[in-house]
Amino acid sequence: MITYIIRRMLLMIPTLLVISLLVFIIIELPPGDYIESYIAQLEAQGEQANPELLNFLRQQYGLEKPAYERYFGWVTGMVQGDFGFSFEYRMPVSEVIGDRLLLTILISIATIMFTWIIAFPIAIYSATHQYSWGDYGLTLLGLMGLATPNFLLALIMLYFANVVFGTSIGGLMDPEYLNQPWSVDKAVSVLEHLWVPVVVIGTAGTAGMIRKLRANLLDELGKHYVTAARAKGLPGYRLLVKYPLRVAINFMVGDIGHLLPSVISGAELVAIVLSLPTTGPILISALQSQDMYLAGSFLMFLSMLTVVGVLISDIALTFLDPRIRLDQGTER
Amino acid sequence: MKRLLPVWAALLIAAAPVAALWAPGTAVAAGAGVTFQETPSLAGRVAEGKLPPVEDRVPKVPSVVFMNAKDKTPGRHGGDMRLIMGKGRDVRLMTIYGYARLVAYTTDLKLVADILERFEVKDGREFTLTLRPGHKWSDGHPFTAEDFRYYWQDMATNKKLSPLGPRKKLLVGEELPEFKVIDKRTVRYTWSRPNSFFLAGMAGAAPFFIYRPAHYMKRFHARYSDTAELKKMAEKERLMDWSVLHQSKDRMYTLDNPEMPTLQPWMNTTKPPSQRFVFVRNPFFHRVDTAGRQLPYIDRVIMNISLRDLIPAKAGAGESDLQSRYIAFEDYTFLKESEKRYDQSVHLWRTVKGSHIAIYPNLNTKDPAWRKILRDVRFRRALSLAIDRNEINQVAYFGLARGGNNSIIEESPLFRPEYRTLWAGFDLARANRLLDEMGLDKKDGDGIRLLPDGRSAIITIDTSGEKTEITDILELIHDTWLKAGIKMLPRPAQRDIFRNRVFSGDSKMAVWSGLSNGIPTADMTPDEFVPTRQYQLQWPKWGKFMESNGQAGEPPDLLEAKQLLDLMSAWNNASGLSEQEEIWHRILKIHAEQVFSIGIINRTLQPVVVNNRLRNVPAEGFHNWNPGAYFGVYRPDTFWFAGKGKDRG
Amino acid sequence: MTTPNSPDATLQHFVSTEPFDPKVASKIAPELERYFLASQWKLMWWKLKWHRLAVFSGLFLLVLYGTTLISEFLAPYDTHTRDIGHIYAPPQSVHLFDDGEFIGPFVYGMDYKLNMVNLKREYTDNPNKIQRLRFFCQGDEYYFWGIITSRLHLVCPAEGGTLFLLGTDRLGRDVLSRIIYGSRISLTIGLVGITLSFFIGMIVGGIAGYFGGLIDTIIQRIIEIIQSFPQIPLWMALSAIMPLTWSPLVIYLAITIILAMLEWTSLARAVRSKLFSLREEEFCTAAKLMGAKPSRIIGRHLLPGFMSYLIAAATLSIPAMILGETALSFLGIGLRAPITSWGVLLNEAQNINIVVLYPWLMLPVVPVILTILAFSLFGDGLRDAADPYK
């Protein structure tokens with residue numbers, strides 16, 4: 001048991017290393033560097049860029065050094081908690097990130113919970129009333145949630161929320177709370193804004209979860225022990241709770257591994273559309289202006305979030321399901 | 001704390017701006033006995049002794065803003081103005097909107113002393129600048145000639161901070177000015193030849209800042225501060241040495257160092273990064289209104305950063321009190337609907353660029369066959385004649401804009417109708433004739449003309465790909481050019497790639513903004529029409545040559561380009577306004593005949609969303625980067641909230 | 001033979017004296033015979049037919065893909081045709097009766113007025129301008145499959161009239177025609193991408209599943225790495241790389257490759273897990289003993305066993321591809337004008353002005369939803385039918 005956990009955690013390290021290498025390569029690929037895109041920005045606004053000053057800056061920020069030196073510098077720095085320097089904001093990356101990572105996690109968790117809360121009862125109903133109109137109807141509804149592109153939905157809901165509820169457009173809270181410490185008002189404001197992104201991101205995952213859960217439940221309900229229990233006179237409801245449900249819960253926890261990456265990346269897209277103070281908007285502008293360390297560190301954070309999340313879900317699963325321990329790992 | 005305003009003082013104050021207009025560069029003493037009214041939001045701190053009272057905060061000779069012109073009513077203090085911007089770096093817009101400059105433009109584009117009490121120009125080459133007595137920085141420290149000296153001697157000519165010397169525009173040719181401190185409030189810059197950029201540069205939207213808060217910056221300078229201290233400070237911020245530290249603290253323009261004192265009407269109190277920046281009034285601002293109230297009227301400006309695509313939606317939801325940035329003409333209808341639901345109005349201001357977008361044939365393109373063709377004026381004329389500007393106007397601007405050349409517009413006193421219309425009509429027959437005359441009369445199977453070497457005349461046009469407006473206009477142009485036998489392929493690219501392709505000559509043709517100043521006067525420099533900068537996309541290499549003083553690029557080798565350069569130096573050495581005017585007209589005529597850039601449409605309209613309670617914002621105005629500083633020339637420090645100015649964050 | 005009532009009949013049994021032919025007795029009903037003799041694919045087909053919804057979806061998809069062959073014929077206009085007199089025109093409805101009189105399908109002509117106060121284009125139906133639709137008529141010219149030019153369209157507007165069944169966009173282009181043309185790109189990207197994914201997934205999964213051990217572990221790690229990478233940010237990063245100087249076709253291919261690169265992992269996983277359970281089976285051992293090479297064992301014996309399952313899984317991945325293309329184009333890093341795809345159309349509709357004032361421009365989302373629904377339902381049906389062990 002413990003060895004399993006330790007083994008998984010150790011395995012995380014090479015995974016993250018490879019990811020960091022990939023991230024670095026991707027960021028380095030476009031020609032030019034931050035200084036050049038900065039010059040382009042200035043000149044496009046009709047402002048003069050002093051090219052000598054910028055070459056000077058280039059030296060200062062170490063952009064002259066060869067790629068591998070920069071990569072090692074970055075990785076070793078990251079391990080020590082120093083994520084590099086953002087050129088765009090002219091301050092350490094960790095300061096730029098600030099609250100944002102926290103909010104990304106918040107949204108991801110809220111979305112996953114939303115998905116569970118919605119998917120669960122629907123899946124149970126579908127499985128127990130298979131092939132009924134309700135089953136078909138709900139499946140269809142779920143699929144539509146899957147099929148609608150997030151970003152369009154986001155914009156429409158944004159407008160709708162503003163017209164009907166007076167919620168301010170975009171963002172995760174009313175602007176006046178942005179730099180304030182947490183308070184009841186601030187929390188309320190966040191809740192008012194949270195439901196739009198959560199619903200938008202969540203609809204896609206919900207459909208997938210409903211279908212998989214339903215399939216799993218149907219499998220379980222078809223098994224012999226269920227028939228035996230029913231024959232023995234166990235009432236329907238207790239029957240459901242005692243065995244198949246627990247299997248279902250196992251499955252849901254285990255599926256976080258699948259759900260988390262898509263939630264996080266879906267959150268990025270929606271964050272861009274809705275201008276949420278999470279990592280999305282900053283990431284895309286960092287990528288476009290080649291703010292190397294900022295973009296790279298963000299990508300690393302997101303990957304790490306995913307890897308860690310998957311690890312947690314796998315470990316939770318081992319607690320819930322003894323069979324996993326005995327196999328060579330989750331079969332997804 | 002009101003005292004009666006003596007009549008003679010009131011008359012003097014009333015007469016002040018008239019005098020200012022008559023004798024540019026002079027300011028008027030407000031005289032003794034002017035009644036000042038304390039600013040309510042500062043009254044508390046004054047009572048506690050933390051701030052001096054208002055009469056000691058403003059300079060002894062403040063800049064008095066005349067309030068009884070049309071559109072300007074005297075206002076009251078108070079309120080928060082909300083703005084929405086698209087990125088953190090837009091904080092610098094408060095320097096632009098604030099528009100406190102040594103020398104500033106008025107709304108009719110005359111230069112007057114603003115921060116300066118007065119200035120004197122001798123022979124166009126000797127500039128004596130006099131500061132206002134008692135003028136203080138936003139932290140209360142006096143603003144004196146020392147601040148200019150510090151900039152000049154310890155920054156611009158300091159080998160460590162400026163290894164390559166001061167900004168190019170401060171030089172005339174290669175010559176540095178001679179800088180002299182005359183007394184505590186007066187400094188003088190002298191060149192041996194006239195410097196026509198100096199005053200306009202100081203009044204620009206992104207101006208020369210030839211001064212710094214020396215008392216603040218000295219802390220980060222090796223000459224005045226302990227080296228060991230500096231090293232510690234630099235290391236704490238992970239910077240290499242004191243010079244980088246100094247640079248990182250020096251944020252006069254970008255306003256993102258809240259600790260740095262400023263002379264602008266509002267000062268930043270939020271450290272970046274943030275989604276919300278709060279600017280509070282500068283208690284030592286140098287302008288007052290005629291009733292003795294220290295400006296600005298508005299207590300705070302709140303800048304909310306949002307995703308740029310969402311900004312029209314937010315503006316339409318009443319989330320901004322004054323918005324022009326990031327909203328475009330196509331959003332007008334949607335914004336107008338918001339007038340019913342929110343207490344705001346949507347005005348349309350004019351733009352004054354030479355052309356909203358223009359096409360620049362690259363005369364320095366690498367391909368020799370194309371270079372020869374592009375340099376043939378008949379080709380450029382034909383392309384210009386093959387554009388249906390009327391159709392574009394109808395499709396994109398409801399016919400409310402004006403088609404024409406990339407040249408100056410009616411509001412400029414130099415305007416003549418032929419500058420707009422020459423070679424700018426829609427005449428396919430003539431275009432085809434010109435191309436036939438050039439020898440491009442053979443066509444391929446698709447009806448595209450053939451170049452002398454047999455290739456089809458397919459020209460890729462580079463754009464920076466960001467606005468659908470450009471894509472649409474190019475699609476319309478593509479179709480009409482096809483009828484003249486030229487096929488155009490738009491090719492969007494990221495900005496720096498786009499730039500590099502044009503500069504290197506890989507690109508044959510590019511689409512970009514037209515003239516940035518379509519309303520010049522004869523005393524403004526004609527440098528936009530002359531090869532002076534690499535960023536002039538029709539001749540980037542010649543521009544680079546001139547910019548680098550011959551170190552890079554290529555020397556201009558086209559007769560008309562050389563003529564333009566000669567005219568430019570003639571203008572620099574011109575002895576008077578009439579001579580300058582004459583030179584301007586010769587330059588404009590060359591451009592109209594040579595069609596160096598193909599203009600499409602100008603006088604487009606910019607929507608401006610204004611909260612109905614915000615006064616002194618004109619319903620009609622011009623919206624331009626430079627000159628104009630967007631809202632700057634309209635002096636946002638004179639905007640005020642009527643009704644209940646509530647704090648709305 | 002003892003009679004039933006004889007005293008020493010301890011065990012009563014009855015044996016018939018009828019003539020007996022074993023072959024006849026063991027004959028089974030013809031339907032049953034077909035069932036037992038049916039190939040795997042036939043079985044799957046029969047099971048599929050039961051699933052009504054899946055069959056319906058399958059037919060829908062067939063029709064949809066069929067239309068991409070004749071898009072030019074079906075669309076009333078060409079994808080680039082502009083009518084600047086009818087910019088942002090709302091959808092026109094087709095009527096059959098005018099004042100109670102049946103005159104065949106027609107639309108009312110539109111009057112145009114520019115509202116000068118809020119600069120809004122206002123279109124009103126003019127009941128006096130009756131524009132009858134023409135069928136099998138001559139309309140915009142097109143180049144059919146690059147071979148022949150033709151001007152034949154299924155339906156066209158009346159001469160000098162308009163037929164904007166779904167309205168127009170900001171350049172006066174017909175939305176319906178653009179959706180029809182866009183279907184070509186959007187639908188085929190999914191197919192091309194999934195084919196790529198499929199092959200990669202099969203090969204990699206096959207190797208991992210068959211050989212196990214170290215190879216399997218390495219491949220598992222690689223899959224895990226790819227799956228941990230947040231997709232959207234990866235796309236964004238890749239878009240920054242893609243030189244925009246490439247021709248649209250090359251970009252199209254690059255995008256399918258990018259999408260395929262991210263989807264093959266789930267397929268590979270499925271292949272691997274199936275192989276694990278199957279490779280211990282006897283037929284596999286027999287083949288090995290007979291000297292078959294691993295590639296032959298995997299290819300000829302193992303894979304066909306669950307090919308149907310794989311196909312079902314692949315079908316279920318297509319929606320992700322389509323959504324991926326839409327998302328990429330929305331981000332501005334996928335296809336862009338002048339290529340027309342549903343993603344490009346939605347990108348152009350991503351605007352508060354459109355949501356509030358010209359909502360018909362968001363209609364391309366409908367075919368996206370329908371296609372994805374169809375693929376999902378069809379894939380569900382396939383999967384249910386394909387599981388040979390139910």
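This is a predicted model: local features need pLDDT of at least 70, side-chain atom pairs count only at pLDDT 80 or more; totals for chains, interfaces and linings use all residues.
**First stop: chain C against chain A**

Select chains A and C together. Here 42 residues of chain C are in contact with 42 residues of chain A. The two chains bury about 4000 Å² between them, and 77% of that area lies on carbon and sulfur atoms. Next, colour the helices of chain C that contribute to this side. The elements that give two or more residues are α7 (213-228), α8 (231-241), α9 (248-278), α11 (294-331), α13 (352-357) and α14 (365-386) of chain C. By class, the side of chain C that touches chain A divides into 28 nonpolar, eight polar and six charged residues.

How many salt bridges does the rule find across the interface of chain C and chain A? The number is zero. The count of residue pairs in polar contact between these chains, with both residues at pLDDT 80 or more, is likewise zero.

**Second stop: chain C against chain B**

About 2300 Å² is buried between the two chains, 61% of it on carbon and sulfur atoms. The rule finds four salt bridges across this interface. To view one of them, select B:Glu475 and C:Arg173, whose side chains meet at 3.4 Å, N to O. Nine residue pairs, both members at pLDDT 80 or more, are in polar contact between chain C and chain B.

Now show chain B alone. Four strands form an open sheet in the order β5-β6-β8-β7, with antiparallel pairing. Which strands of chain B stand at the edges? They are β5 (116-122) and β7 (178-183); each has a single partner strand, so one side of each is left without a neighbour in the sheet. From one strand to the next, the twist averages 15°.

Zoom in on β7(B) and β8 (residues 186-190) of chain B, which pair in the antiparallel sense over five bridges. Within this region, B:Asp183 stands opposite B:Thr186 in β8(B). Finally, select helix α5 (residues 145-156) of chain B, which packs on the sheet and touches β6 (126-131), β7 and β8 of chain B. The direction of α5 makes about 160° with that of β7(B).

Definitions and conventions
Residues are numbered from 1 along each chain as its sequence is written. Chains are lettered from A and ligands numbered from 1 in the order in which they are written. Side-chain values use heavy atoms; hydrogens and water are left out. Contact means heavy atoms within 4.5 Å. Buried area is the accessible area (1.4 Å probe) that two parts lose on being put together, summed over both. A polar contact is a pair of N or O atoms within 3.5 Å; within protein, one must be able to donate a hydrogen and the other to accept it, and residues adjacent in sequence count only if both atoms are side-chain atoms. Ala, Val, Leu, Ile, Met, Phe, Trp, Tyr, Cys and Pro count as nonpolar, Asp, Glu, Lys and Arg as charged, and the others, Gly among them, as polar. Two strands pair if DSSP finds at least two bridges between them. Axes are lines fitted to C-alpha atoms, for helices over the stretch in contact, and angles run from 0 to 180 degrees between N-to-C directions.
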